[in-house]
Amino acid sequence: MKKVSMKTLMQTIALTLSVSILAGCGAASSSSGSSVPDSDPQSAVETGSRLFDEPVTISMMIPSHDSFPYNPDWYVLDAINRATNVTFDATPIPSGDYAKKVQLQIASGKLPDLMYLIKVSPAFEYGPQGAFVNLLDHLDEMPNFKAWMDANPSRVAQFISADGALYIAPEHGVEDTNRRGWLFREDILKELNLEVPTNQDEFYNMLVKMKEAYPDSYPLAFRSFTSGMRQLQQLAANFGTRFMDPNDNMLYYSYDYDTKEWFFGATSDEFKELITFYNKLYEEGLLLPSFMTVDTAGWVEAMASGTSFVTYDYLNRITSLTKAGSETDSDFSINYMPPPSMGSNGEPVTTFSANGKYGFVVSALSKNLDQILKYIDWLYTDEAMELVSWGEDGVYADKQADGTWKWHDDVLAAGYDIRRELGMQNYGTYLRFDSQSQISQFEVSSPNLAHAYEATPSHELPDQPSLSYTEEERKIFDTVGSNVGTHVSEELSKFLLGKRDMSEWDEYVAEIEAMGLEKLKDIQISAYARLQEVLNQ
């Protein structure tokens with residue numbers, strides 16, 4: 001693909017955005033307002049060579065999570081400095097504003113050395129135009145990064161752009177704690193002497209028994225249905241089909257690794273069974289009536305108050321829901337439920353959900369590119385992964401003789417949060433991350449959650465390919481894909497709520513097929529072929 005000049009790029013983006021560039025960004029608070037266990041990092045650091053002999057300053061733009069706002073005094077930043085001699089000139093941006101600020105920053109023509117992206121789309125869009133460095137052009141300078149790439153081709157594949165480049169240094173590890181699954185009130189099942197269901201009939205009967213015991217309840221609750229019907233992406237797997245949210249650039253098409261074909265799950269017979277079943281639950285009062293519109297707060301209230309007992313959500317909700325429910329019910333307990341097989345062709349599986357795609361992009365305008373690439377390369381070493389995940393040996397955790405790590409008892413104390421207190425696992429502090437550092441904490445503070453993280457991977461389907469599109473393909477996605485996505489969401493909502501009879505399913509399928517499904521399928525085939533060509537070089 002022909003590259004335009006940076007000047008032309010910035011002018012084009014600025015015109016496209018049609019907004020004025022903000023003069024600057026607010027600084028972060030210098031104090032987290034909480035304390036860490038008493039430790040002396042310096043006393044545990046052995047004298048040795050740093051990554052750089054002389055101090056290096058790296059400018060960096062990062063998202064700042066509302067629950068874990070950026071703090072320049074975080075321990076992990078000091079630990080990185082002691083290991084590398086790097087100091088960060090960081091510009092933290094509230095997560096909710098970050099996507100817009102990334103565009104504005106590119107349009108300004110004043111890019112920092114590094115930008116931490118929480119979506120790959122800016123890299124796919126602006127990388128080919130010359131905004132970011134293609135890391136594949138610098139593999140000779142990045143031996144640790146290349147070694148990681150060679151060992152993790154499937155992860156690398158998620159970040160390849162349509163022109164066959166790699167404009168983003170992929171994060172690997174933190175996404176493991178993004179997993180979702182079935183959650184249930186363990187105490188209620190014990191009270192009613194019920195077994196954990198393994199198939200659709202048992203699942204249905206469990207809900208019926210709960211309703212009989214608690215007539216005012218709606219045993220099953222969901223949230224986040226209104227955003228592209230996204231929850232269906234999780235529910236489809238154990239019915240033997242798929243449903244891909246177009247907001248995740250899947251155009252509702254999924255790849256079958258067995259048949260090596262793309263298929264449109266939202267019109268399949270298995271998907272019809274799914275919609276029929278959940279409509280039945282809605283009609284019989286077994287599903288929270290407001291499931292299409294309820295926000296997170298309302299969903300938490302339903303689960304914590306005893307209105308609902310079963311849900312599907314992020315596994316870490318086990319802790320927060322249990323805490324909320326235990327305030328009024330000391331027996332309240334949320335646990336993980338292995339997925340039951342549903343429908344005629346279903347299996348006990350879940351959709352792959354450890355699929356966060358984050359990472360650093362390197363500015364093509366950086367004046368100290370060699371240093372930036374050397375730092376990025378260091379982040380892929382085992383040394384760096386252990387440092388940003390556990391800290392320096394002997395400070396807050398000890399490295400065991402077998403190579404594993406163990407937190408000190410005061411870090412494992414209930415309520416202690418390494419993310420808020422130490423800065424670990426926050427945007428911009430890692431590329432490779434050992435998720436066991438967080439999961440091992442749960443073994444003490446939340447055993448049910450630790451069990452869930454350990455059990456879920458054995459039930460997951462393979463991750464779907466992450467594809468990038470050419471400009472022409474994007475135009476089809478923005479027109480045909482958008483129209484299909486809107487119609488699918490609208491009509492499925494009607495089926496689920498009984499506003500359209502299931503006898504009209506074949507008509508719905510014909511409507512969708514007439515909107516240009518073959519064009520969307522051709523996009524997926526072409527984009528996937530390009531990806532395979534890059535990976536097989």
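# Reading sheets, salt bridges and cores

User: Which strands does helix α14 (residues 369–379) lie across, and at what angle does it run to β11?

Analyst: Helix α14 lies across β1, β2, β3 (114–117), β4 and β11 (359–362), and runs at about 165° to β11. Elements are DSSP runs numbered from the N terminus: helices are H or I of at least four residues, strands are E of at least two. Contact means heavy atoms within 4.5 Å. Axes are lines fitted to C-alpha atoms, for helices over the stretch in contact, and angles between N-to-C directions run from 0 to 180 degrees. One caution on the source: this is a predicted model, in which local features need pLDDT of at least 70 and side-chain atom pairs count only at pLDDT 80 or more, while totals for chains, interfaces and linings use all residues. Residues are numbered from 1 along each chain as its sequence is written, and side-chain values use heavy atoms, leaving out hydrogens and water.

User: Now the sheet under that helix. In what order do the five strands come?

Analyst: The general idea is that strands of a sheet pair through backbone hydrogen bonds, either parallel or antiparallel. Two strands count as paired if DSSP finds at least two bridges between them. Here the order is β2-β1-β3-β11-β4, an open sheet with mixed pairing. β2 (86–94) and β4 (169–170) are at the edges with a single partner strand each, so one side of each has no neighbour in the sheet.

User: Where can I see the parallel and antiparallel senses in it?

Analyst: For the parallel sense, look at β1 (residues 56–64) and β2, which pair over nine bridges; S59 has D89 in β2 as its bridge partner. For the antiparallel sense, take β3 and β11, paired over four bridges, with L117 opposite G359 in β11. β4 and β11 also run antiparallel, joined by two bridges, and there A169 has F360 as its partner in β11.

User: What is the strand order in the sheet of four strands?

Analyst: That open sheet reads β6-β9-β5-β10, again with mixed pairing. Its edges are β6 (220–221) and β10 (334–337); each has a single partner strand, so one side of each is left without a neighbour in the sheet. β6 pairs in the parallel sense with β9 (residues 310–314) over two bridges, and A221 stands opposite T311 in β9. Helix α13 (residues 317–326) packs on this sheet, touching β5 (180–185), β9 and β10, and its direction makes about 145° with that of β10.

User: On to charges. How many salt bridges does the count give?

Analyst: In general, side chains of opposite charge can pair when their charged atoms come close. The rule asks for a side-chain nitrogen of Lys or Arg within 4 Å of a carboxyl oxygen of Asp or Glu. By this rule there are 18 salt bridges. One of them joins D187 and R185, with N to O at 2.7 Å.

User: Are D187 and R185 buried or exposed?

Analyst: Buried means under 20% relative accessible area, exposed over 50%, and partly exposed in between, with a 1.4 Å probe and protein chains only. D187 is buried at 14%, and R185 is buried at 3%.

User: Which residues does R500 form salt bridges with?

Analyst: R500 pairs with E504, the closest N and O atoms being 2.9 Å apart, and with E511, at 3.0 Å. R500 lies in the loop between α20 (471–496) and α21 (505–513) and E511 in helix α21, so this pair ties together parts 11 residues apart in sequence. Shared partners join E491, K494, R500, E504 and E511 into one network of salt bridges. R500 itself is buried at 9%, while E504 is partly exposed at 29%, as is E511 at 28%.

User: And how should I read the nonpolar core?

Analyst: In soluble globular proteins, nonpolar side chains tend to be buried together. A nonpolar core here is a set of buried Ala, Val, Leu, Ile, Met, Phe, Trp, Tyr and Cys residues joined through side-chain atoms within 4.5 Å. The largest has 140 residues, and those with the most contacts inside it are F203, Y278, V310, Y375 and L492. Leaving aside residues up to four places away in sequence, Y278 touches W182, L220, F222, L235, F239, L287, M342 and L496.
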